Amino acid sequence: FSWITSPAATELEMTVLDWLAKLLKLPDDFLSAGEGGGVIQGTASEAVLVVLLAARDKILRRVGKNALEKLVVYASDQTHSALQKACQIGGIHPENCRLLKTDSSINYALSPDVLGEAIAHDISNGLIPFFLCATVGTTSSTAVDPLLLLAKIAKSNGMWFHVDAAYAGSACICPEYRHHIDGVEEADSFNMNAHKWFLTNFDCSALWVKDRNALVQSLSTNPEFLKNKASQANMVVDYKDWQIPLGRRFRSLKLWMVLRLYGIENLQCYIRNHINLAKHFEGLVAQDPRFEVVTPRIFSLVCFRLLSSQNNEDHGNKLNHDLLDVVNSMGKIFISHTVLSGKYILRFAVGAPLTEERHVTAAWKVLQEEASTLLGSL
Ligand code: PLP
């Protein structure tokens, strides 16, 4: 917890997160040499919670602690519910949590215009915008919010800007996908889950902040029994002050192992292979006129659906629900679903280390056969 209890655990975590930050080409402000640095949280939910608390306390120091009920948080309606939970824990009033509407015309990304209008409206009502969460790779459809434009709005309103790239952050180690986080230079915090798509076992969510002091000011305690020379001289990082619990696991070891064992090129190949397999699946869906690809595939997730011959939304939704149920009950493949603009949508995700093209082709066959049975029985 404190540096003194295991200097190696802290130092390795700082080093490994600096490596990963460089791999992602994050700005130098996120490196441990300056005012910022990285820390491994258990989950993206904890990551957004701790930065929300830091941002909340930072603004309250400025405007006065009685202003809590005026603080407003912004994100799109595609943002993971982890943000809502963070607001609940952080005492942000539920009516001050703006989950702004997205739609298919902008592929479910957060519109800067919609954000700007919401902020202006809130300010005119005496409220205080303080936190913006953008997502790169939303959970439903892997939508990418336009970081650069959103960052400008956050900055001009003095807000904390957090980027949640829990799933898609991993892809940004490849130069051809790095542009999806262009604008991260302007963020106050950035998060990606190494345990999602980076070959690391669960419980490894990498969080970087530019101002580690903001975290420490919110989360530090200093009881007598933890006092020690290294901490008191302010010469070391005490990760207990960057997280919720006191004690912590030696999680950097597994990330160190992944980086050392695979190396950059193998990790990039791993990501590219999954994206190519998803492209392959997308191509198969596009060739079958009974199906449609619903949102453009960006990473390794394909959102698709079986078209209803009756041109009726309820019928289409039931058809796809039935297809998902029957396919998953067979035990050969497992797919998941979401709802976008009222449409029930099927999701095919590639993310397992052993998946090959033949598995994807076979999965598509299962879907086609079951679709034929369902359509034939109508
Ligand atoms: N953010 C995004 C974009 C996610 O996709 C997820 C999980 O699927 C989360 C946050 C929450 O992740 P965790 O389970 O690490 O809290």
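Here is a quick tour of a sheet, some helix pairs and a salt bridge in this structure. Keep in mind that the model is predicted. We'll then look at two helix pairs, α2 with α3 and α9 with α11.

- Take β4 (residues 128–135) and β5 (residues 160–164) as an example: they pair in the parallel sense over 5 bridges.
- In that pairing, Leu 132 stands opposite Phe 161 in β5.

**Helices lying across the sheet**

**Helix pair α2 and α3**
- Two packed helices are described by the angle between their axes and the distance between the axes.
- For α2 (residues 44–63) and α3 (residues 82–90), the angle is about 45° and the axes are 9 Å apart.
- The two are therefore oblique to each other, and α2 passes α3 in a right-handed crossing.
- On the α2 side, the contact residues include Leu 49, Leu 52 and Arg 56, while α3 brings in Leu 83, Cys 87 and Gly 90, among others.
- Sorted by class, this contact has 9 nonpolar, 2 polar and 1 charged residues.

**Helix pair α9 and α11**
- Helix α9 (residues 252–287) packs with α11 (residues 357–376) at an angle of about 30°, with axes 10 Å apart.
- Angles under 35 degrees count as roughly parallel, so that is how α9 sits relative to α11.
- This crossing is right-handed.
- Among the residues in contact are His 280 and Phe 281 of α9, plus Glu 357 and Trp 364 of α11.
- The class count here is 7 nonpolar, 2 polar and 1 charged residues.

**Salt bridges**
- Side chains of opposite charge can pair when their charged atoms come close.
- The structure holds 18 salt bridges, and one of them joins the side chains of Asp 29 and Lys 210 (3.9 Å, N to O).
- Asp 29 is in the loop between α1 (7–23) and β1, and Lys 210 is in the loop between β7 (205–209) and α7 (212–219), so the pair ties together parts that are 181 residues apart in sequence.

Key. Residues numbered from 1 in each chain as written. Predicted model: local features only at pLDDT ≥ 70, side-chain atom pairs only at ≥ 80, totals over all residues. Heavy atoms only, no water. Pairing = 2+ DSSP bridges. Helix = DSSP H or I, 4+ residues; strand = E, 2+ residues; numbered from the N terminus. Axes fitted to C-alpha atoms, helices over the stretch in contact; angles between N-to-C directions. Parallel < 35°, antiparallel > 145°, perpendicular 65-115°, else oblique. Left-handed = near helix turned anticlockwise from the far one by under 90°. Contact = heavy atoms within 4.5 Å. Nonpolar A, V, L, I, M, F, W, Y, C, P; charged D, E, K, R; others polar. Salt bridge = Lys/Arg side-chain N within 4 Å of Asp/Glu carboxyl O.
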